[in-house]
Amino acid sequence: MASEQHLLSLKVMRLSRPGFAGRAPLFTDGATDLPAGEATKELLAGDVAAELAEPDDLTLAGMGSFLTLPPAFGNIYLGETFSSYLCVNNESATPVLDLAFKAELQTTSQRFTLADTLSTPPSATSSVGPSASPSVVGLPRTGSTAAVGSAGAAAAAAAASALTGGAGGRTRTSLAGSLLPQQSAEFVIHHDIKELGIHILVCSVHYTPAPSAGESLAAADRERKFFRKFYKFQVLNPLSVKTKVNTLQDGRVFLEAQVQNVSSAPMFLERMSFEPSDHFTYVDLNHRDAQPAGGDGGSGSGGVGSGAVSVFGPREILGQQDTRQYLFMLVPKSATDMASRMTPGLGKLDISWRTQFGQSGRLQTSQLSRKAPTVDPFEVKVISQPEAIFVEQPFTLRVRISNHTPGERLRLSIRGLKNKMTNVLLRGANDIDLGGLEGASHVEVDLEFFSLVAGLQKITGIQISEKISGTTRDIDSLAVVRVLS
């Protein structure tokens with residue numbers, strides 16, 4: 001069965017920036033004693049002078065002074081804005097009535113309406129949707145209304161009045177409900193690409209043919225006609241982001257992000273900022289004289305102090321397949337906040353760029369994560385010690401013991417194991433009961449030692465016991481002290 005022939009045609013063209021027209025330059029030598037000298041002088045004086053390359057000209061690199069439109073659909077990358085021009089043209093000799101148009105973009109998970117006049121009355125003059133710019137360009141053909149008879153002429157005249165606002169000639173207005181022969185309805189649609197994978201642009205056109213010659217409007221075949229076209233394209237990823245994470249014992253996190261340009265063209269990086277999760281502030285280590293970011297947990301602009309200079313230099317150009325390594329230091333907002341030590345989510349990268357002709361793109365990564373580190377139920381740390389320690393003289397260390405298990409109460413005690421101590425011995429009580437320690441809290445205790453030998457000495461032989469669970473932990477190295485003689 002042959003497909004139905006429609007009175008209207010639909011044409012779709014992607015709107016994209018032009019590029020430089022490359023060409024092979026023609027190098028010449030202006031010496032008149034050469035055989036080609038006179039011919040070169042004539043060429044320089046003629047219209048082809050623009051095709052000749054001078055030694056200090058950009059054409060030495062094959063870059064001309066002309067622009068060219070992309071010969072094909074080209075690549076579409078995540079974070080860019082997809083723009084397309086759609087034209088519905090009446091290529092028949094019959095006017096059409098009740099014209100309606102709908103454009104949708106379907107992804108693997110969602111469906112977006114970019115333009116829709118099906119729900120808009122034909123006489124409406126408002127624009128269609130926030131992201132579409134519909135218009136009608138009237139190009140009436142001489143004698144087009146005389147060929148459709150009196151009824152058709154009346155319908156055509158009404159359509160022309162709607163299209164031109166009562167005046168003849170070429171006009172551009174919002175979509176009316178009719179199209180005369182050789183007239184077209186134009187749309188420009190825009191959509192920010194936020195998903196990878198296959199995208200399908202679905203365009204549907206609905207219309208009713210006007211009555212033919214000698215046929216009244218009441219007797220006319222009022223069958224509603226429509227057709228639909230599909231345009232499929234693939235959305236690619238312009239950047240590849242890989243991360244490395246190093247977590248320190250004090251809760252600080254060093255995040256290294258490797259950003260690689262995997263697109264088909266170089267890009268100018270307008271912004272590369274980091275948005276930390278709620279538990280962290282951060283320091284941008286990619287700028288000299290960088291200062292800590294504000295504690296709002298989301299503002300990437302606070303990561304760089306005023307007057308800071310990028311370690312990559314003044315040119316933020318990332319060529320094809322080039323890779324940059326960015327480093328950020330994340331600092332917990334609170335030293336006692338255990339959620340910052342156990343949370344896998346660190347934050348997001350917000351990247352903005354422009355291509356050669358200024359087309360912008362923006363990409364925000366998903367939550368950069370790490371393997372959640374194992375956190376001990378309690379932590380033992382020396383927070384203060386004397387400035388000078390002398391051999392065979394007592395000295396005191398202040399030790400902080402923190403409970404890292406929220407909502408769980410611990411009963412802890414400190415015990416000295418003399419058989420595991422070396423040159424520094426515990427002085428005083430050998431078993432110290434710390435009592436109950438509530439969750440997410442800490443207690444401080446003073447421990448007295450004395451050293452038998454001068455030099456750098458490691459304090460060992462300390463054991464922490466948890467009486468409720470019966471678990472114990474040996475502290476292999478409580479601190480390293482310098483003992484003077």
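Colleague: How many salt bridges does a search of the whole structure find?
Modeller: This is a predicted model. A search of the whole structure gives a salt-bridge count of 14.

Colleague: Which side chain meets R362 in a salt bridge, and is that partner buried or exposed?
Modeller: The N to O distance is 2.6 Å, and the partner of R362 is D350. R362 lies in strand β24 (residues 360-364) and D350 in strand β23 (residues 345-354), so the bridge ties together parts 12 residues apart in sequence. R362 has a relative accessible area of 49%, so R362 is partly exposed. D350 has 1% relative accessibility, under the 20% limit, so D350 counts as buried.

Colleague: Which residue forms a salt bridge with R398?
Modeller: The closest N and O atoms are 2.9 Å apart, in a salt bridge of R398 with D446. R398 lies in strand β28 (residues 395-403) and its partner in strand β32 (residues 442-451), so parts 48 residues apart in sequence are tied together. R398 is partly exposed at 31% relative accessibility.

Colleague: Where do R427 and E448 lie, and how many residues apart are the parts they tie together?
Modeller: Their side chains meet in a salt bridge at 3.0 Å, N to O. R427 is in strand β30 (residues 424-427) and E448 in strand β32, so the tied parts are apart in sequence by 21 residues.

Colleague: Which residues do salt bridges with shared partners join into one network?
Modeller: R398 bridges to D446. Salt bridges that share partners make one network of R398, R400, E444 and D446.

Colleague: Are the planes of F101 and F187 stacked or edge-to-face?
Modeller: The whole structure holds seven aromatic pairs. In this one the ring centres are 4.4 Å apart and the planes stand at 20°, under the 30 degrees cut-off, so the pair is stacked.

Colleague: Which strands does that pair link?
Modeller: Both F101 and F187 are buried. They are 86 residues apart, and the pair links distant parts of the chain: strand β8 (residues 96-106) and strand β12 (residues 184-192).

Colleague: Which strand do 11 bridges join to β13?
Modeller: Strand β13 (residues 197-209) has 11 of its 13 residues buried. With β8 it pairs in the antiparallel sense over nine bridges, and L201 in β13 stands opposite L105. G197 stands opposite V235. The antiparallel strand joined to β13 by 11 bridges is β14 (residues 225-236).

Colleague: Over which ring does the charged end of R324 sit?
Modeller: The charged end of R324 is 4.4 Å from the ring centre, over F312.

Methods. Residues numbered from 1 in each chain as written. Predicted model: local features only at pLDDT ≥ 70, side-chain atom pairs only at ≥ 80, totals over all residues. Heavy atoms only, no water. Phe/Tyr/Trp six-rings, centres within 6.5 Å; stacked < 30°, edge-to-face > 60°. Helix = DSSP H or I, 4+ residues; strand = E, 2+ residues; numbered from the N terminus. Buried < 20%, exposed > 50% of the residue type's maximum accessible area, 1.4 Å probe, protein only. Lys NZ or Arg CZ within 6 Å of the ring centre and 35° of its normal. Pairing = 2+ DSSP bridges. Salt bridge = Lys/Arg side-chain N within 4 Å of Asp/Glu carboxyl O.
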